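Here is a short report on a model with more than one part to look at. Start with the picture, then read on.

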Amino acid sequence: MTVVTEVRRPANGAPSQGRRRRGGDHGAWFLVLPALIPILVLSVGPLLYGVLLAFTDAQSGRTEPTRWIGGLNFRDLAQDTLFWESFRIGLVWAVGVTVPQFLLALGLALLLNQKLRLRWLARALAIVPWAMPEVVVGIMWRLVYSPDAGILNESLRDLGLGDGRDWLSGLGTALPAVIVVGVWAGMPQTTVALLAGLQNTPRELHEAAALDGAGAWRRFRTVTWPALRPVALAITALNFIWNFNSFALVYVLTNGGPGGRTRLPMLFAYEEAFRYGQFGYAAAMGCVMVAVISVLLALFLVGRLKGGDEA
Amino acid sequence: MRTRTGARIGQYAALLAYLLFLALPFLWLISTAFKPPRELGSLHPTWIPENPTLDNFRQAFDEQPLLRAAGNSLLAAVCAAVVAVLIATPMAYVMARHRTRLARAATGWVVVSQAFPFVLVIIPLFLVLKNLRLINSLPGLVTVYVVWALPFALWMLVGYVRAVPAELEEAAAVDGAGRLRTLVSVTAPLLAPGIVATALFAFITAWNEFFFALVLLKSPEKQTLPVILTHFIGAEGVADLGPLAAAAFLATLPSLVVFAVIQRRITGGMLAGAVKG
């Protein structure tokens with residue numbers, strides 16, 4: 001893997017860099033601009049614009065000019081129970097997907113790190129969910145969950161576990177069913193990241209610990225986990241963000257139904273913006289989502305990092 | 001000794017469970033794609049179609065403009081991948097080799113851009129593109145895809161650039177090669193595999209992308225494959241399962257093939273960026 005070749009540049013590279021910086025800064029600008037301009041115009045700019053929009057009454061297809069309305073959108077949002085319900089669902093979904101995703105991926109990565117037969121097959125299969133378009137993942141699981149023609153209900157019938165049900169339209173089953181799909185879709189990427197992290201853990205330490213009579217669990221706790229931690233934290237944080245912001249999977253599976261039980265915040269904001277044309281209000285939702293996610297992540301990362309010092 | 005064998009058996013059982021969990025849904029998709037309507041309507045569906053048929057594929061092409069949608073997707077994805085790599089490579093080079101404030105800001109942007117929900121970006125982008133008359137057009141979509149692919153492309157490319165020894169470039173400079181010359185004839189060839197992998201990854205993300213295409217493309221003759229696929233699902237959520245499965249299966253093939261080619265490099269690239277941080 002290329003990881004191995006990734007070595008920190010030695011310190012003796014530093015003086016030449018300093019020289020080059022003074023000598024050819026316009027050269028660097030020339031290299032940077034082609035990417036910098038699109039980033040500024042189409043990413044940073046729209047982000048700031050989006051934040052500003054949240055303080056306006058912008059709507060689609062309106063002739064009168066957009067006005068500043070201060071924090072009115074946010075005040076409305078605070079009282080919008082539908083939005084907060086959607087937000088709650090979003091958090092349940094994000095945690096419900098991220099945690100099993102991590103645990104299952106860790107298990108698979110540990111297995112793949114062993115010298116097992118069929119390892120190649122698992123690696124090859126792990127590609128499938130990762131490479132698939134999200135829309136196809138959604139369609140595929142609709143086929144699995146399909147009440148009559150679906151394989152899930154048929155398997156349950158074969159096993160004598162009842163007649164099964166209409167998973168995606170049941171008020172109680174829709175969210176769990178959708179969460180399983182989320183776990184399936186995101187597991188491979190997490191596995192691959194963790195596996196790469198595992199392969200960076202020092203093998204000699206493992207052997208030494210085994211010689212000293214440490215059991216598998218102790219070896220994992222004292223040797224593997226400390227080395228794996230940074231990767232695990234990074235991928236979990238990223239997964240949480242990605243999951244919270246996910247859209248296509250649930251749009252295809254349930255489109256937020258039944259009765260809004262799977263209406264993630266992204267679906268809610270999408271409808272608000274592009275079905276009802278409430279750009280300002282939807283932008284305010286986006287801002288709230290970013291704010292809450294940032295706070296949660298900060299708490300998570302600070303908590304984890306502190307825990308690391310003690311362990 | 002016995003516990004070791006026991007552990008081994010446990011490991012294989014776990015691996016088997018993973019394999020089934022990963023593979024079965026996909027096998028079911030394939031199985032459904034080849035089933036005639038009578039078996040699809042049956043109350044006791046089987047894993048292996050009893051009378052496999054290609055009718056679903058024919059019907060899928062009849063019902064929805066799949067070929068044109070695939071063409072749109074291909075065009076958008078290729079353009080996005082090429083442009084993204086063309087503009088990201090020089091920037092990644094600067095980010096990897098120079099510890100300037102700009103490089104640090106760019107790294108910060110790469111990280112922060114991951115955290116923002118698309119809604120917050122798409123609404124203003126929608127308004128901007130509308131003013132530029134780029135709504136409902138593939139160039140508009142490509143523009144969005146390029147910017148969207150940039151963070152990850154930069155992330156990967158910075159890792160690849162760091163793996164090229166700076167000493168080689170210094171040697172070229174000593175020999176009198178200019179900066180551009182060095183970049184083109186020394187660094188680029190060494191970077192080529194990484195650049196190709198990055199481009200292919202950008203291709204897959206664009207090929208698979210749904211949300212921006214849904215928002216930005218309104219007329220059916222411009223829509224991309226994922227958007228067209230959702231048209232198979234009717235308003236009430238009723239779907240013609242056979243053709244739906246057939247079309248979904250076909251839409252996956254390009255991503256699968258490309259991904260199989262670059263999987264190792266993606267893994268490496270992801271971590272090359274991450275390890276450094």
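## One threonine in a loop

Leaving out residues up to four places away in sequence, Thr173(A) touches Arg165(A), Asp166(A) and Trp167(A). Touching, or contact, means heavy atoms within 4.5 Å. This is a predicted model, where local features need pLDDT of at least 70, side-chain atom pairs count only at pLDDT 80 or more, and totals for chains, interfaces and linings use all residues. Residues are numbered from 1 along each chain as its sequence is written, chains are lettered from A and ligands numbered from 1 in the order in which they are written, and side-chain values use heavy atoms, with hydrogens and water left out.

Where does Thr173(A) lie? Its place is the loop between helix H7 (151-158) and helix H8 (174-199) of chain A. Helices (H or I, at least four residues) and strands (E, at least two) are DSSP runs, numbered from the N terminus.

Thr173(A) is buried, because its relative accessible area is 15%. Buried means under 20%, exposed over 50%, and partly exposed in between (1.4 Å probe, protein chains only). The side chain of Thr173(A) reaches the backbone oxygen of Trp167(A) at 2.7 Å.

## Chain A as a whole

Chain A has 13 helices and zero strands. Of its 311 residues, 51% are buried.

## Where the chains meet

How many residues of chain B are in contact with chain A? The number is 95, and they meet 101 residues of chain A. The area buried between the two chains is about 9,100 Å², and carbon and sulfur atoms give 76% of it. Buried area is the accessible area (1.4 Å probe) that two parts lose on being put together, summed over both. In chain B, Tyr18(B), Leu22(B) and Leu120(B) lose the most area to chain A, together 8% of what that side buries.

Helix H12 (residues 241-276) of chain B gives the most to the side that touches chain A, with 22 residues. The table divides the residues of that side by kind.

| Kind | Residues of chain B touching chain A |
|---|---|
| Nonpolar | 66 residues |
| Polar | 18 residues |

Terms used. Nonpolar A, V, L, I, M, F, W, Y, C, P; charged D, E, K, R; others polar. Polar contact = N/O pair within 3.5 Å; in protein donor to acceptor, adjacent residues only side chain to side chain.
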